[in-house]
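Subject: Structure handover

Hi there,

Here is the structure I promised to pass on to you. Have a look at it first, and then read on for what I found in it.

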Amino acid sequence: MRDDQLREGLAAWLAPVQQAPAPDMLVIRRRLRRRRARQAAAGTALCAVAAGAAALIHVSAAPEPAIIGHGPVAVPACRGSQLRAEPEAVLVRSGALSMEPVPLTYLLRIQNTGRTACSLHGWPKVAVVAPPAMRAVPVRYATVSMRATKSGEVPRVVEPAQVVLSPGARAVATATVTYPLDEVGCGNAVLSVTPPQSGRRTLIRRSQLSGTQRLPLICGSSTITVSPVYPASVPPTRNYPAAAPRQSPASVSTSAPAAHAGPQAAPFFVEIRGSKAIVSDWRTGRVTAVIPPPAGASQRFTGVAGAGDDRTFVLATGAGPSRFYQLVLSQQGAQDQPLTPLPVPAVAGSGTPFALSDDGSELALALPQRGATATDEIMVVSLVTGSARTWRSPDPGMVYGLSWADPGSSPSRAWAAHDRLLFGWNDTARTGQSARRRSGLRLLDTTAPGSGLLASRLVIPASARVGALRMTFSSPLIAPGGTVVFVTMVSHPGVNAQAAVVEFSADTGRPLGVVTPLTGESGMGTWCGALWADPSGRRALAACGMIAVEVNGTRFTPQTVHFATRNFSAGPNFFAW
Amino acid sequence: MTRSAEFEGFYQASYGRIVALLLGVLGDRQEAEDAAQEAFARALARWPRLSAYDVPEAWVRQVALRLAVDSGRRLRRNLRLSARLKGARHAPPVEPGDRIAFGDLGGALMRLPLREREVLVLHYFADMTAERIAAERGLPPGTVKARLVAGRRRLERELAAEPREARDAR
């Protein structure tokens, strides 16, 4: 059989199916709803297991909690004789319902069994002891990310957190095992853990299991990723200004956290869940307020955006043209005053992306337009006066994620009083290289005259690459100082597509570094992006899949973020920090 | 154009191609449609990101093929398929549009190992080069070419041999 005969034969066989009409979109939407329900159930199970694991650690921890230190700590380094890795590793099972193998994460616990406090620093060594065939399974120590330079990628030196352990206190590290799709060559393996600064090796087993099930399951083509040690509990910092801003919309003026504050200074996030808005503390998962839609309106909340103070939010409601309300939280994250209607024109639909400026005085809306040659518009509404300005492009295109910068908030850029609005632009008028040259993340000076959307500066072109990663327009975040942009990037195509959050210079458009470890793009729809950044962009919080990282300059610290990552049903503004 | 309308246009344009591709790999229309619809549902969940891709259909094809070759479903499907091939004489009548007739080529293709069937359909039906298949499936190009050659040889042998049903019937 010749090639062309085979092609014709296959085409004749499959053409009737190819030409058959597709089922109604309702079929796909119904399937997506069922899928989200399954994922919500999986998320609930995950939270329950994680809470159980956390409770296990906290209950058994010494009364004096471990603390995290920045820079040199005047406590002697732990000696190998006073460190003990616990032989039982808690399995933090995701409980996810996936067609693909879900990675398993083991929580490794290292205890200070000595009589004096000591400091611990670095990664525990993890190795496969048996069977011999699995000793070649690669182990990655995963806080070395890549800094992209002109000459390619070079390792970025990352300093792990230094943990001070009082007598009896524990530090933890995670070991995550990935599994291949076909799960070939898998079996129970013996793993060993050697604490940092120690030569004592401990064989580990899974807790609460018996027989061979106690041994971790590993496949020949698995990889094991190990985190550095971090404290079993981290006390919250309290460096947010004591007085919460509570201005009315007519005089909105919020203050940003202190320059040295980390993400703990912004503890609250608001999430749209069902018809309500839920305020939670990302550090503990505690719900501090449940906000119902305004009375008298057959409405539901459809989106939320936050100001830079972490206390002022704008909520959108309703089917049809949205109405917007201001929510101001107390210092404890409670709602102690009613929602205030905002003077925003009724032009935005329920899925319209919007962003609140850092001082809470302006709301930017990306207004989609209908028609084959339509171009999306950006409208900025002053919440002080109710006046609105609109920017549009002469050519068709689509506007994606919005993020505000307020360069005046950065001491080094106090000269730049103009607000900047970052937005994603996808040029639909052209295809190929010419479209990519105009498409990308652009920075609009909203105080400059004119109404041309493309008068904005192209900061990061759509063609930007970091290694195999390509940029997306999904939820970019510009640091309030306007110097750093965080972008979600994915590798594609390929079986093992991966996602990561990458920081770029807003001045040069050059990548500065990868701030989250590469995470499998599993199709599970988990969140990947930067959640919060300080004015300088040096300190940030980012999450990708199951991994959350606090960035402080060159220091990367794994963080537990109590954040429901799977609720995409409320559109692009389903949560705000 | 709204994003919803944009996705619907993409879905209408590419659904048939994806289902036909999966049918060529699986030989079962219901399973093919199931995997395709699941892949499009996942694409809908992440359309704002996917729409920025050069070829969103490549992502859907990836996910659909992954779903199709998922180990559990593959085992179940192969068992069902082998039972159907062996018991073809006693199989219930196929309803129009439910399952397509295999014919000589389809029947021979279904007797190939899944990995060879997959690259043959991608190459000869979807017109993908070996390099592109390798990139999308995460395989070395040499492996794809080897599977293509082996698949062609095996397919010719199957086509030249008498139908298995007839052989089994004797």
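Helix H4 of chain B (residues 56-68) has 13 residues and spans 18 Å from its first C-alpha to its last, close to the 18 Å expected at 1.5 Å a residue. That expected span is 1.5 Å times one less than the number of residues. Helices here are DSSP runs of H or I with at least four residues, strands are runs of E with at least two, and both are numbered from the N terminus. H4(B) is mostly covered, with 10 of its 13 residues buried. I call a residue buried if 20 or more other C-beta atoms lie within 10 Å of its own, exposed if 12 or fewer do, and partly exposed in between, with C-beta atoms placed from the backbone. Among the buried residues of H4(B) are B:Trp59, B:Arg61, B:Gln62 and B:Leu65. The buried residues pack against H1, helix H2 (29-45), helix H3 (47-50), helix H7 (114-124) and helix H8 (130-137) of chain B.

Before going further, a word on conventions. This is a predicted model, in which local features need pLDDT of at least 70 and side-chain atom pairs count only at pLDDT 80 or more, while totals for chains, interfaces and linings use all residues. Residues are numbered from 1 along each chain as its sequence is written, and chains are lettered from A and ligands numbered from 1 in the order in which they are written.

Now the rest of chain B. There are 10 helices and 0 strands in this chain, and 39% of its 170 residues count as buried. Of the contacts in chain B with a separation of 6 or more, 66% are between residues 24 or more positions apart; a contact means two C-beta atoms, placed from the backbone, within 7 Å. B:Arg17 sits in helix H1 (residues 3-26) of chain B and is partly exposed, because 18 other C-beta atoms lie within 10 Å. B:Asp127 belongs to the loop between H7 and H8 of chain B. Its phi is near 55°, a positive value in a residue other than glycine, and B:Asp127 is exposed, with 9 other C-beta atoms within 10 Å.

On to the nonpolar cores, meaning sets of buried Ala, Val, Leu, Ile, Met, Phe, Trp, Tyr and Cys residues joined through C-beta atoms within 7 Å. The largest has 101 residues, and A:Val304, A:Val485 and A:Ala542 have the most contacts inside it. Apart from it lies another core, of 50 residues, including A:Ala22, B:Ala64, B:Leu65 and B:Leu67. Leaving aside neighbours within four places in sequence, A:Val304 has contacts that include A:Val270, A:Ile272, A:Phe313 and A:Phe575.

Chain A also has some strand pairing to look at; two strands pair if DSSP finds at least two bridges between them.

Strand E30 (residues 420-427) of chain A is mostly covered, with 7 of its 8 residues buried. E30(A) is joined to strand E29 (residues 397-405) of chain A by 7 bridges, running antiparallel, and pairs with strand E31 (residues 440-445) of chain A over 6 bridges, also antiparallel.

Two backbone details in chain A may interest you. The peptide bond from A:Ala130 to A:Pro131 is cis, with omega near -5°. A:Gln197 has phi near 60°, a positive value in a residue other than glycine.

Finally, confidence: pLDDT is the predictor's confidence in each residue, from 0 to 100. Chain A averages 73, and 71% of the residues score at least 70. Over residues 409-418 of chain A the pLDDT is below 50, though this stretch has 21 contacts in the model beyond near neighbours in sequence. Where pLDDT is low, the predicted coordinates should not be read in detail.

Best wishes
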